[in-house]
Amino acid sequence: MSEVSALAPFKVRSFRFQWPADLATSWAFEMETLILGWYVLVETGSVVMLTVFASLQYIGTLLAPMFGVMGDRVGHRNLLCAMRGLYAALATILMTFAFMGIVTPALVLAITAVMGLVRPSDIGMRAALVAESMPADRLVGAMSIQRTTQDTARIAGALTGAGLVAALGMGPAYMAVSSFYAISVLLTLKAGSAHPPVAGAAGGSARPRDTSSEHLASEAGATTRFPQTAGSAGNESARPSPWRDLREGLAYVWNTPHLLGAMCFAFLLNLTAFPLFTGLLPYVAKEVYLSDQTTLGYLVAGASFGALLGSMALSRIGHAVRPARMGLVFGAGWYAMLLVFAHTPHAAAGIAVLILTGIVQSMGLIPMTAMLLRNSDMRYRGRVMGIRMLVLYGNLPGLLISAPLIARIGYPLTATLYCAIGLAFTLLIAVRWRVHLWRPGAPANAR
């Protein structure tokens with residue numbers, strides 16, 4: 001039965017096309033990040049420039065809610081196709097410049113900035129596309145399997161990206177990146193629907209109901225207020241406005257306690273955990289372990305292998321977990337493992353610790369994402385996931401603040417400070433939204 005349950009999402013036709021499309025996109029993302037991050041660090045010799053490069057990948061988080069609006073309006077599949085077409089075009093430009101031998105750090109940062117306007121919204125839109133076609137009882141399992149596209153990509157991208165550059169140079173390596181993006185576009189065209197998930201969802205005339213949220217509010221003795229559309233206010237003739245749609249999405253999240261608590265927790269993780277787990281690994285490989293890009297590849301692959309193990313475990317047991325509570329517990333565990341990694345002096349031991357860290361990370365993030373999708377009104381899913389991607393903006397200040405701290409007090413103490421802050425605020429969030437996120441009977445913890 002566990003095997004049938006684990007593979008059940010593939011019975012949905014859309015998912016059979018979307019999974020390999022997301023896999024190709026994720027492989028290209030990870031190869032690109034590793035290739036360019038190492039290039040910037042070696043060419044400039046500056047951890048500040050490395051953090052600038054990493055930060056540029058998240059500048060589009062400010063636009064993510066509007067991508068959610070666009071997804072609700074034009075269809076999540078159509079939007080993903082356009083986004084992935086842009087990735088392919090930018091990668092082709094960089095590949096061409098690499099073959100011509102005119103790549104510079106400034107050019108890399110400029111292309112990264114353009115890519116960074118769009119890329120942060122990709123994960124949110126792919127999650128919304130999964131939820132559009134997946135039955136609710138398969139959603140946690142589907143999100144677990146979908147997450148394997150990122151985990152396997154980090155393993156393969158870390159190893160092949162470093163190896164291709166070392167063996168063949170940046171031009172041939174980017175030829176592979178461009179090919180993966182092109183494949184992802186073709187497969188995405190076969191996934192989902194060409195139409196918005198709900199007719200009239202953006203600017204419609206009916207006020208959607210989030211029954212799970214209303215039930216939660218009534219149990220907590222509070223009233224959850226939902227945004228009114230123009231139609232519900234009696235203004236049927238108002239023209240649909242993307243800005244009004246965005247305001248409605250923001251109000252919906254703000255006035256739905258379990259969504260607001262989960263968003264605050266996601267921002268905290270992006271501010272204090274992700275910079276240590278992703279953006280600063282090139283610095284750890286080069287300056288802490290005094291090694292090269294091959295060691296960096298092993299570090300990234302180790303973390304991703306652990307996350308893959310966590311995803312595979314959740315694909316089998318996802319139907320039995322309490323999503324919000326599990327997210328908080330394993331989020332705290334993620335900080336604990338990052339603290340251990342920060343004080344691990346040898347690369348081999350660091351890889352082993354990162355495997356365990358990846359397992360804990362995956363077991364925390366996947367249930368929270370599934371909860372956001374399952375406990376949101378379907379008309380708002382694109383906007384909810386757009387706002388979820390907005391909190392990725394926490395990566396930018398987290399990375400930029402870490403650079404001067406590392407220069408002043410070193411990497412281990414900087415990581416210790418980040419983890420201590422993260423653990424303290426995780427406890428605060430669990431207490432503040434205990435009725436909505438911690439109590440076993442809350443809708444956010446429904447199995």
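Visitor: How far apart are the end C-alpha atoms of helix α12, and what span should its 16 residues give?

Guide: In this predicted model, the end C-alpha atoms of α12 (residues 257-272) are 23 Å apart, which agrees with the 22 Å that its 16 residues should span at 1.5 Å a residue. The expected span is 1.5 Å times one less than the number of residues, and helices are DSSP runs of H or I with at least four residues, numbered from the N terminus. Residues are numbered from 1 along each chain as its sequence is written, local features need pLDDT of at least 70 and side-chain atom pairs pLDDT 80 or more, while totals for chains, interfaces and linings use all residues, and side-chain values use heavy atoms, without hydrogens and water.

Visitor: How many residues of α12 are buried?

Guide: In α12, 12 of its 16 residues are buried, meaning under 20% relative accessible area with a 1.4 Å probe and protein chains only; among them are H258, M263, F265 and L269.

Visitor: And what does W334 touch?

Guide: Leaving aside residues up to four places away in sequence, W334 touches L269, A273, F274, F277, T357, V360 and Q361, where contact means heavy atoms within 4.5 Å.

Visitor: Changing topic, which residues make a salt bridge with E248?

Guide: E248 forms one with R244, with the closest N and O atoms 3.6 Å apart, and another with R383, where the closest N and O atoms are 3.8 Å apart. A salt bridge here is a side-chain nitrogen of Lys or Arg within 4 Å of a carboxyl oxygen of Asp or Glu.

Visitor: Where do E248 and R383 lie, and what does that pair tie together?

Guide: E248 is in helix α11 and R383 in helix α18, so the pair ties together parts that are 135 residues apart in sequence. E248 and R244, by contrast, are 4 residues apart in α11 (residues 242-254), separated by about one helical turn.

Visitor: Which side chain meets D72?

Guide: The side chain of R383 meets that of D72 in a salt bridge, at 2.9 Å from N to O. R383 lies in α18 (residues 381-390) and D72 in α4 (residues 64-74), so this pair ties together parts that are 311 residues apart in sequence.

Visitor: Are R383 and D72 buried or exposed?

Guide: R383 is buried, at a relative accessible area of 1%, and D72 is buried as well, at 2%.

Visitor: How many salt bridges does the whole structure have?

Guide: A search of the whole structure finds 8.

Definitions and conventions: Helices (H or I, at least four residues) and strands (E, at least two) are DSSP runs, numbered from the N terminus. Buried means under 20% relative accessible area, exposed over 50%, partly exposed in between (1.4 Å probe, protein chains only).
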